[in-house]
Amino acid sequence: KDEEIMERGNWTGKLDFILSCIGYAVGLGNVWRFPYLCYRNGGGAFLVPYAIMLIIAGLPLFFFELNLGQFASEGPITVWKVKPLFMGIGWGMVSISGMVSMYYNVIIMYSIYYMFVSFVNLDDTLPWQTCGNSWNTDECRTEAYPDIENAYNETVKIDMLMSLKSMSCLNSTATFNKLSTQFNMTFNSFAQYYSNSTYLENYEACDIKFRTASEEYWTRYVLRLHEAEPDRLYDIGDVSLKNILCLLVAWVFIFFCLMKGVKSSGKVVYFTATFPYVVLVILLIRGVTLEGYMRGIDFYITPKWHLLKDPKVWGDAATQIFYSLGPAFGGLLTMSSYNKFKNNTFRDAMLVSFINCGTSVFAGFAVFSLLGHMSLVTNRPVEEVADSGPGLTFVAYPEGIAKLGDWAPIVAFLFFFMIFTLGLDSQFAMMETVISGFTDVFPRVLRPRKALFTFAMCMLGFVLGIPMVCKGGIYVLTLIDWYSGSYGLMIVCFVELIVISWFYGVNNFRRDVEMMIGRKPAIFWVYWYATWVVITPIAIAFIVIMAAVFYTPAYYDRHDGRYSFPPFAEGVGWMMVCLPLLLIIGTAIFQAVKYGGFIVIMAAVTYSPAYYTRFDGKYEFPPFAEGLGWMMVVLPLCLIVGGMIVQSIRKGGIMNAMKPDPTWGPALDSDRTGRYQPIHGQEFDDIQNGTTNMGYIPEKEKGGPYMVSGNSYNQKM
């Protein structure tokens, strides 16, 4: 036990791990993405594909990664000693978590800023509650939109419509010509608009593009997007001083929470993982006491069953459950690697998965109850006030909060405090993945200096995040968000499943899991076998196909239209997509070289027919001699295929990299039982069939692991 703590550390309590997993899985997406997807994809009907995707993809992947990390007590890179050829999977995980952490903390930084602003205005008006501030424009609007449908006469209806139109636009010759064409009659006077409200109601070209006070505060004051060059991503403007200082605060906070590894972060999550639920309950209670709340809730849950025929709905459900539970980021592997060996991973996987999904549904009620009230007081449809992502967090929801009067500052403070804590837990796991990944690869150098290395990584994240807090930094953030965790994440997840289920062997993996949670009846494993081996890889392939079919290049919606990224930015985005795949392939080649198998590849590439150099020139062998040579080359392969080789070669060749490392298995000798038990002092004939540890001997007894050759320890690794 002491040895284990000295090497990597452990959770100080079982609840540390559970809360860390809940905090990791329950993140910003549960609040700002799921409710939006739910109403867009059929309301309550969306829960059907969502639940199905949880069963066939989310839960199997969650249980799979918890077992893999806990069994070996290794981080996301070194855990792949199970199949060293595929150690690039771990590097791919670390690269994805690193890229996502870079922009994720910028979002946390914005929540810190809004939280500070809400706090200092607890006795005053929030800055996004009013227009007329220095950053506002003439298009800013806080009053409700006119209720045109319920206007009691034609004159009032026309006056309402005119208040939403640009007078200069309506009185232009171009408008007269367009109206004449559209309604097949001659328009040459402004006064003709007053004859029939239909003309104004069905002509939208002169509509004023009003902006909410919260939108202008977000884009013109917090981001200062209007000061950035609108169509030049490579010139994103100056750094925003207030934002960069908040970003520094965010990274310093992350450092102090992670400086002692899981011993410090495991205590912080007792608050950060539970506080969001307190705030959600408060927001829901306040929301359902507001007039018009049912308008939002009905819009959120009313099922639209016909939408289930749309494959995009199923693709959205699969994508949401995938990103919500967080497999392939390396976070689950990392957190479970700090568990005790006998921890019940099945219980943890079931508990966290269903808490995560339940939180998503519950958060939707809290969000849409307020949006329903906002829809009522502004006379706008719910679909016009609803949004997802940063648009919900920093525009739509603050606008709804602004309508709460004296309650607005305290509700705003609680809401952004909740966003802050939701983001922290996920950020903890992703940064710990990056840090543990490197410290496990270089334990002698980095583990004794883990606090210093953690500080260095946090400061690196701060420096890399600076472009995202420039005045045009939201473009950079959007680009990284769009590509960093998309196809690359799916590829990593697909490959890790195939490697363990097919190359390492699902039977071997099952026996490993049973060493931790105890033997289970065969019926227990039917579901896991079916999903790990076949169903879940197919589901991941389905997600990739759907993402490709409905792929759209990255864009950012602004009040004046949609900004599409230039080609070079798209290229950078696809480089982020390809990075994990390149790491997998590149590491596989490196491992092949390391294990001696690459010589076969090089021999094929540089092949030339046999010859003999004489003093009078080069002698080339005749065709029949070449044939004899190739018979000698093919003979070993024929013998292998025919089953004529009794004993496989254990040294040399790429196959060595496809076999578990001699030290693969539980980290502690006390946990090595069954086929992983140390075999020092045993007869080889007594070893359980199927042993894969290749003669592991405790280092304290023999000085290192040995490989078995014949009936003796005769080849030290």
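**Cysteines and a buried serine**

One disulfide is counted, the term denoting a pair of cysteine sulfur atoms within 2.5 Å. The structure is a predicted model, in which local features need pLDDT of at least 70 and side-chain atom pairs count only at pLDDT 80 or more, while totals for chains, interfaces and linings use all residues. Residues are numbered from 1 along each chain as its sequence is written, and side-chain values use heavy atoms, with hydrogens and water left out.

The disulfide links C131 and C140, with an S to S distance of 1.8 Å. The torsion about the S-S bond is -75°, and the link of C131 and C140 is left-handed. C131 is partly exposed at 27% relative accessibility. C140 is buried at 12%. Here buried means under 20% relative accessible area, exposed over 50%, and partly exposed in between (1.4 Å probe, protein chains only). Two further cysteines were examined for burial. C470 has a relative accessible area of 9% and is buried. C493 is also buried, at 0% relative accessibility.

S353 sits in helix α18, which spans residues 345-378. Helices are DSSP runs (H or I, at least four residues), numbered from the N terminus. S353 is buried, with 0% relative accessibility. A polar atom of the S353 side chain lies 2.8 Å from the backbone oxygen of A349. Leaving aside residues up to four places away in sequence, S353 touches L54, L59, F62 and L325. Contact here means heavy atoms within 4.5 Å.

Methods:
Helix = DSSP H or I, 4+ residues; strand = E, 2+ residues; numbered from the N terminus. Polar contact = N/O pair within 3.5 Å; in protein donor to acceptor, adjacent residues only side chain to side chain.
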